[in-house]
Amino acid sequence: MAWRLSRPAAEVVVPLDERSPEQISEKEHEDWLRKLGYTD
Amino acid sequence: MSTLPFSALVLACVSVLFCARFALGWVVAPVERPEVVAAEPGGAMEVPPKPAGLAPATGEGAGSGDGALTPDICIGMPVDLRNTCWQALARQAAAVDPEGALRTCDELPVGPLREECHADVAETIAPIARERAETICAAVESTKWRGQCHFGMGLATAEIDAEYAISRCASAEAFHTFCRHDVVGEIAMVNLPAAHAICAREEGGTLQRKTCWHGIGKYLARRDMGEAAAACRDATPAWQALCFHGLGWGAAERDVDAALAGCAAFGEFADNCRHGVANQLKRSDPAREQAICESLTNPEAKAKCLAFVTQ
């Protein structure tokens with residue numbers, strides 16, 4: 001039980017398209033654009 | 001005499017199967033198809049840009065008797081098809097009865113499907129009732145579908161009011177840059193000077209500024225590579241190369257061989273164009289994508305192209 005309680009909580013990842021622009025880093029933004037064919 | 005027991009057996013089996021089919025259907029049907037979501041930032045991206053405006057609604061609205069959907073048709077459908085029916089019915093009605101279309105959307109469960117439906121209604125009426133469309137978008141609760149809603153409005157108005165269309169992108173949330181790229185591309189198809197003027201203002205951060213020109217190159221190349229090349233040569237010098245990348249991508253959507261042949265004529269930008277062709281092949285032909293990347297002579301473009309192959 002103690003071991004269970006000491007485990008860190010799973011990180012909640014919010015999908016990019018559900019974030020506000022301010023919550024998206026420049027790299028995430030550029031990678032997303034590249035993946036969908038919006039930049040080189 | 002001997003066939004009577006056999007017939008009774010067949011009847012019993014059919015009855016059991018019949019009952020089992022409905023019993024199973026009752027259990028399975030209410031389970032909604034889960035929405036696909038990105039597992040991590042930068043991972044699989046679930047929302048492609050919205051397509052250009054919807055086709056005009058047909059008929060005189062619901063229940064016109066000319067093959068159009070009606071509420072009764074949707075109600076009579078199996079549960080797993082009913083939501084799709086409501087969405088289609090709302091789209092069908094939006095152009096002639098937006099408020100009725102919104103009420104149809106509200107037949108959908110609270111959540112993404114209903115929000116997408118509202119966004120579709122807003123997009124449909126945007127060319128003729130932009131203020132009402134803006135109100136509909138503003139009322140969408142989720143960041144994702146509120147952004148998609150304004151994005152859709154931008155696309156739907158690109159042909160009729162360039163400045164208004166591009167202004168919608170400021171409300172497109174995470175899709176802001178995608179929106180500017182696509183809206184300016186749509187504008188370029190009907191009014192290149194207006195698209196050029198928007199990109200030449202060099203608004204926003206680096207990604208917004210550079211992808212603006214990429215959109216012009218991509219959209220025009222879907223129609224004509226020569227036209228796109230002329231526009232790219234007229235771009236802000238710093239972003240000409242990226243415009244040619246967009247050109248290569250757009251041309252490759254139609255014909256990869258023709259795109260590569262066309263790229264060869266673009267001198268110092270030939271590699272940027274081929275880079276765009278290679279990137280466009282990532283999903284459909286990764287082996288050819290890699291071969292094209294390896295053929296690039298510009299070291300920077302080649303490195304970037306090859307890095308993307310393995311991403």
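1. How near do the axes of helix α11 and helix α12 of chain B come, and at what angle do they cross? In this predicted model, the axes of α11 (residues 206-223) and α12 (residues 225-233) of chain B come within 6 Å and cross at roughly 155 degrees. Since angles over 145 degrees count as roughly antiparallel, α11(B) is therefore roughly antiparallel to α12(B).

2. The residues that form this contact can be listed for each helix. From α11(B) come B:I216, B:G217, B:L220, B:A221 and B:R223, and these meet B:M225, B:E227, B:A228, B:A231 and B:C232 of α12(B). Divided by class, the residues of the contact of α11(B) with α12(B) are seven nonpolar, one polar and two charged.

3. The crossing in which α4(B) passes α5(B) is right-handed. On the side of α4(B) the contact is made by B:P98, B:A101, B:L102 and B:C105, and on the side of α5(B) by B:R114, B:C117, B:H118, B:V121 and B:I125. In the contact of α4(B) with α5(B), seven residues are nonpolar, one is polar and one is charged.

4. Turning to the interface, chain A contributes 22 residues to the contact and chain B contributes 35 residues. Between them, chain A and chain B bury about 2700 Å², with 64% of that area on carbon and sulfur atoms. Of the area that chain A buries against chain B, 28% is supplied by A:D17, A:Y38 and A:D40, more than by any other three residues.

5. The count of salt bridges between chain A and chain B is three. In one salt bridge, the side chain of B:K210 meets the side chain of A:E30, at 3.9 Å from N to O.

6. Most residues other than glycine have a negative phi. B:E173, however, has a phi near 50 degrees, a positive value in a residue other than glycine, and B:E173 lies in the loop between α8 (162-168) and α9 (176-190) of chain B. For B:E202, phi is likewise positive and near 50 degrees, and B:E202 is found in the loop between α10 (192-200) and α11 of chain B.

Note on methods:
Residues numbered from 1 in each chain as written. Chains lettered and ligands numbered in written order. Predicted model: local features only at pLDDT ≥ 70, side-chain atom pairs only at ≥ 80, totals over all residues. Heavy atoms only, no water. Left-handed = near helix turned anticlockwise from the far one by under 90°. Helix = DSSP H or I, 4+ residues; strand = E, 2+ residues; numbered from the N terminus. Contact = heavy atoms within 4.5 Å. Nonpolar A, V, L, I, M, F, W, Y, C, P; charged D, E, K, R; others polar. Buried area = accessible area lost by both parts, 1.4 Å probe. Salt bridge = Lys/Arg side-chain N within 4 Å of Asp/Glu carboxyl O. Axes fitted to C-alpha atoms, helices over the stretch in contact; angles between N-to-C directions. Parallel < 35°, antiparallel > 145°, perpendicular 65-115°, else oblique.
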